[in-house]
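Let's take a walk through a protein model together. Keep the picture open and follow along.

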Amino acid sequence: MNSALDSKNQNTVRPDEFWGALLDCATKEVFQLMVQTELTTLTGTIEGTPAGDTTAMVGLAGALCGVLSIRCDARTAESIAGRMLGSVGAVNPDEVPDALAEICNMVAGNFKSKITRLADNCMLSVPMVIRGEDYEMVAIADGEQIVVCLGYETREIWIAIAVHP
Amino acid sequence: MKRPRVLIVDDSSVMRKIVERSLRQAGIDLGEVVEAGNGIEALAAVREGPFDVILSDINMPAMDGIEFLRQLMTIDAAKGTPVIMVTTEGSESRVVEALSIGAKGYIRKPFTSDQIKERVAPLLEVLR
């Protein structure tokens with residue numbers, strides 16, 4: 001066997017049955033501290049696929065290769081930004097994607113810190129945000145995807161990790 | 001007590017505001033607060049005048065927090081300035097690297113204002 005490939009496989013961390021719960025927990029912790037909001041778990045009680053016109057993404061590279069994304073509608077993203085900044089009135093529109101990107105970054109960092117072999121062997125990219133309507137996030141071919149849906153006030157936030165095979 | 005002059009370095013303007021707000025919530029009576037979006041801007045700010053404390057992110061485009069810290073330590077006038085890394089970085093090796101270069105501590109995002117106070121307030125005691 002190719003020794004480089006063998007070494008790579010030994011160092012690769014694969015998702016297991018606990019990752020959904022860890023992702024749920026990592027996200028709730030970030031929202032509790034930075035958005036002063038308690039999210040509720042909706043997975044299993046709602047149907048559908050991730051939706052919303054604002055998606056923040058952070059790339060993962062190293063022992064785990066993939067993308068962590070957070071998707072919600074524009075109103076939710078604006079509300080999150082407002083709470084993060086402690087704004088009473090309207091939020092500067094330029095700060096909305098910035099806020100969601102930071103949340104995504106913190107969720108990714110918090111998630112990987114909960115998995116021993118990932119904490120020191122997985123790097124995060126600079127986050128980015130996509131805004132618009134009617135787009136679909138397509139998971140990487142043959143990769144695994146973990147999706148968690150959480151309730152934010154009366155709306156939904158979708159958190160997903162698409163793992164490269 | 002002299003009100004501390006603070007430099008906050010982060011590529012997110014939202015996070016820079018949150019760090020400043022957390023410092024104020026922690027009861028720290030801030031003097032001038034200067035913001036920088038990456039290590040290059042931060043070095044330029046440092047060359048314009050001394051700071052009492054610097055809080056810097058690690059993962060940033062253009063120049064990250066580790067390189068900023070490395071270059072900061074070559075500026076004689078800035079060598080004694082305490083630097084706290086504020087980061088999502090769960091990687092111990094990156095944090096250890098920052099501490100070995102000269103950072104005085106680190107705060108992991110997400111954080112509370114109490115955690116900010118715990119790390120920053122002792123560094124400002126010398127201003128009393």
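First, some ground rules. This is a predicted model, in which local features need pLDDT of at least 70, side-chain atom pairs count only at pLDDT 80 or more, and totals for chains, interfaces and linings use all residues. Residues are numbered from 1 along each chain as its sequence is written, while chains are lettered from A and ligands numbered from 1 in the order in which they are written.

Start with helix 2 of chain B, residues 39-48. Helices here are DSSP runs of H or I with at least four residues, strands are runs of E with at least two, and both are numbered from the N terminus. In this helix, B:Gly39, B:Ala42 and B:Val46 are buried. A residue is called buried if 20 or more other C-beta atoms lie within 10 Å of its own, exposed if 12 or fewer, and partly exposed in between, with C-beta atoms placed from the backbone. Why do the three share one side of helix 2 of chain B? They cover an arc of only 55° around the axis, where the arc is that of the directions from the helix axis to the C-beta atoms. On the other side, B:Ala44, B:Arg47 and B:Glu48 are exposed. The buried residues of helix 2 of chain B pack against strand 1 (6-9), strand 2 (33-36), strand 3 (53-56) and helix 3 (65-72) of chain B.

Now look at helix 4 of chain B, where B:Arg94, B:Val95 and B:Ala98 are buried. Their arc around the axis is only 100°, so they sit on the same side of this helix. The face turned away from the buried side carries the exposed residues B:Glu92, B:Ser93 and B:Ser100. Just after helix 4 of chain B, B:Gly102 takes a positive phi of about 145°.

Next, see how the chains meet: 19 residues of chain B are in contact with 23 residues of chain A, contact meaning that two C-beta atoms, placed from the backbone, lie within 7 Å. Helix 1 (13-25) and helix 4 (92-101) of chain B each supply at least two residues of the side that touches chain A. The largest share of that side, 6 residues, comes from helix 1 of chain B.

Finally, visit chain A, where A:Thr27 lies in helix 2 (residues 19-35). A:Thr27 is buried, with 24 other C-beta atoms within 10 Å. Residues that A:Thr27 touches include A:Leu39, A:Val107 and A:Ile159, not counting residues up to four places away in sequence.
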